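Please work through each task before reading its solution.

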Amino acid sequence: INRLKDLFAHWKLKEDDGVKELEDALSWWKSNASKYDPLTASADENGIFQKSKKFLGMFGLKEGDAWDKHNQEMEEALSLWTKYKGESMDDLDSLTIGKIKRIKDALLEIKRDSLG
């Protein structure tokens, strides 16, 4: 079943890459994470908090880390993804390819999670 979910997630990524959802999670984190309280948060807020934290964790964010560094890394990686998705990566350096791969992995995770 996990392999089938992976194949379906790859197919869904080709249909809609989910960048908007990742951008929304990043935007929510920037605006709301510092005042987030799990005891008073709505179910939607809890969901977006967990999703945002998960994605940022893919970029090395840990509790108590400085936000700005990871925010910049994610924004740069999203920009690279938008610029190079669907193109050959043969001419790109390994650092750029690594950043693009992190976004692809995060986007695949979004798609996989949506499958339940």
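**Exercise 1.** Determine where Asp105 and Lys101 lie and how many residues apart they are.

*Solution.* Both residues belong to helix H5, helices being DSSP runs of H or I with at least four residues, numbered from the N terminus. They are 4 residues apart, about one turn of the helix. Asp105 is partly exposed because its relative accessibility is 31%, where buried means under 20% relative accessible area, exposed over 50%, and partly exposed in between (1.4 Å probe, protein chains only).

The model is predicted: local features need pLDDT of at least 70, side-chain atom pairs count only at pLDDT 80 or more, and totals for chains, interfaces and linings use all residues. Residues are numbered from 1 along each chain as its sequence is written, and side-chain values use heavy atoms, without hydrogens and water.

**Exercise 2.** State which residue forms a salt bridge with Lys30, and locate the pair.

*Solution.* The partner is Glu75, with the closest N and O atoms 2.6 Å apart. Lys30 is in helix H2 (residues 19–32) and Glu75 in helix H4 (residues 67–84), so the pair, 45 residues apart, links distant parts of the chain. Lys30 counts as partly exposed at 43% relative accessibility, as does Glu75 at 34%.

Notes. Salt bridge = Lys/Arg side-chain N within 4 Å of Asp/Glu carboxyl O. Helix = DSSP H or I, 4+ residues; strand = E, 2+ residues; numbered from the N terminus.
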